[in-house]
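Hi,

Here is the structure I promised to pass on to you. Have a look at it first, and then read my notes below.

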Amino acid sequence: VAYKERIQKHLPSGLLAASMFLTGASGLIGEVLLGSVNSYLLGNSIQQMVTVFGLMMLMMGVGALLQYKIGDTNLIEEFILLEVALAVLIGFAPITIYWAFGALAGSFVVIQYFFILGIGLLIGFEIPLVLRINERYIKTIGANFASTVSLDYIGAFVAAYAFVYIFIRHFPLYEISVMVAGGNLLVAVITFWYFVHQKKV
């Protein structure tokens with residue numbers, strides 16, 4: 001009984017930590033995907049990668065600043081919507097940018113920066129939002145940060161090596177984007193199933 005109680009006690013924060021691992025991985029690959037697409041289309045890979053990463057980091061900061069405007073009553077629902085929105089943007093980003101480059105030459109930059117800024121902004125919401133949710137289950141600030149932020153960074157580390165040594169060698173960019181989007185959708189489904197469907201909020 002005590003063992004089951006410990007599992008039930010730590011399961012919510014464990015699921016949130018696993019979610020941060022997946023979102024950290026998908027966020028990093030999303031950034032690399034956009035940098036790669038721009039490099040293929042526009043050349044000068046160093047400039048494109050630095051521009052994409054710099055702008056996305058800026059928007060992540062903006063997202064982190066804006067998230068405090070979200071009330072505390074619907075944090076789980078907001079997190080699920082966030083992951084679905086990220087799945088849509090990351091999933092469609094490469095193929096839409098390729099299409100815009102060929103069909104909308106004059107407006108290509110609008111589509112390009114819509115995805116860069118939009119994905120960066122949404123990624124910026126993730127960590128602060130999960131930290132706020134996790135406050136319900138982990139009362140100590142240090143433990144909350146450790147279980148949330150560390151898994152996000154570890155997920156990004158794993159994703160970086162997976163992108164270089166697995167994904168880019170075997171799959172085109174648009175297929176990678178769909179797989180990454182699937183990771184965000186998986187997080188949304190798990191979060192909905194446990195916290196909403198199972199009424200664990």
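What follows is a short tour of what turned up, grouped by region.

Please keep in mind that this is a predicted model.

**The core**

Leaving out residues up to four places away in sequence, Ile 29 touches Ala 159, Phe 163, Phe 167, Ile 176 and Val 180. Phe 167 and Ile 29 are 138 residues apart in sequence, yet their C-alpha atoms are 9.8 Å apart in space.

**Helix α5**

From its first C-alpha to its last, α5 reaches 41 Å with its 30 residues, close to the 44 Å expected at 1.5 Å a residue. Where is the kink in this helix? It is centred on Phe 163 and comes to about 50°. Phe 163 is also on the list of buried residues of α5, which includes Asn 144, Asp 152, Gly 155, Ala 159 and Phe 167.

The C-alpha atoms of His 170 and Leu 34 are separated by 18 Å, and the two residues are 136 apart along the chain.

**Aromatic rings**

The model has five aromatic pairs. One of them joins Phe 114 and Phe 115 in an edge-to-face arrangement, with 5.2 Å centre to centre and 75° between the planes. Phe 115 is buried, at 6% relative accessibility.

Another pair, Phe 157 and Tyr 161, is tilted, with 5.0 Å centre to centre and 55° between the planes. These two are separated by about one helical turn because they are four residues apart in helix α5. In general, an α-helix has 3.6 residues a turn, so residues three or four places apart point the same way. Phe 157 is exposed, with a relative accessible area of 51%, while Tyr 161 is partly exposed at 47%. Together with Tyr 165, Phe 157 and Tyr 161 form one aromatic cluster.

Over in helix α1 you will find Tyr 40, which is exposed at 52% relative accessibility. Which residues does Tyr 40 contact, leaving aside its neighbours within four places in sequence? They are Tyr 98, Ile 168 and Leu 173. Tyr 40 and Tyr 98 lie 58 residues apart in sequence and 9.8 Å apart in space, C-alpha to C-alpha.

**Two more residues to look at**

Arg 132 belongs to helix α4, residues 108–134. Arg 132 is buried, because its relative accessible area is 15% and buried means under 20%. A polar atom of the Arg 132 side chain lies 2.9 Å from the backbone oxygen of Gln 67. Not counting residues up to four places away in sequence, Arg 132 touches Gln 67, Tyr 68, Ile 70, Gly 71, Asp 72 and Leu 75.

Finally, Asn 44 is in the loop between α1 (2–42) and α2 (45–66). Its phi is near 50°, a positive value in a residue other than glycine. Most residues other than glycine have a negative phi. Asn 44 is partly exposed, at 46% relative accessibility.

Enjoy exploring,

A colleague

How values were computed. Residues numbered from 1 in each chain as written. Predicted model: local features only at pLDDT ≥ 70, side-chain atom pairs only at ≥ 80, totals over all residues. Heavy atoms only, no water. Buried < 20%, exposed > 50% of the residue type's maximum accessible area, 1.4 Å probe, protein only. Polar contact = N/O pair within 3.5 Å; in protein donor to acceptor, adjacent residues only side chain to side chain. Contact = heavy atoms within 4.5 Å. Expected span 1.5 Å × (residues − 1). Bend = angle between axes of the 7 residues up to and from the residue. Phe/Tyr/Trp six-rings, centres within 6.5 Å; stacked < 30°, edge-to-face > 60°.
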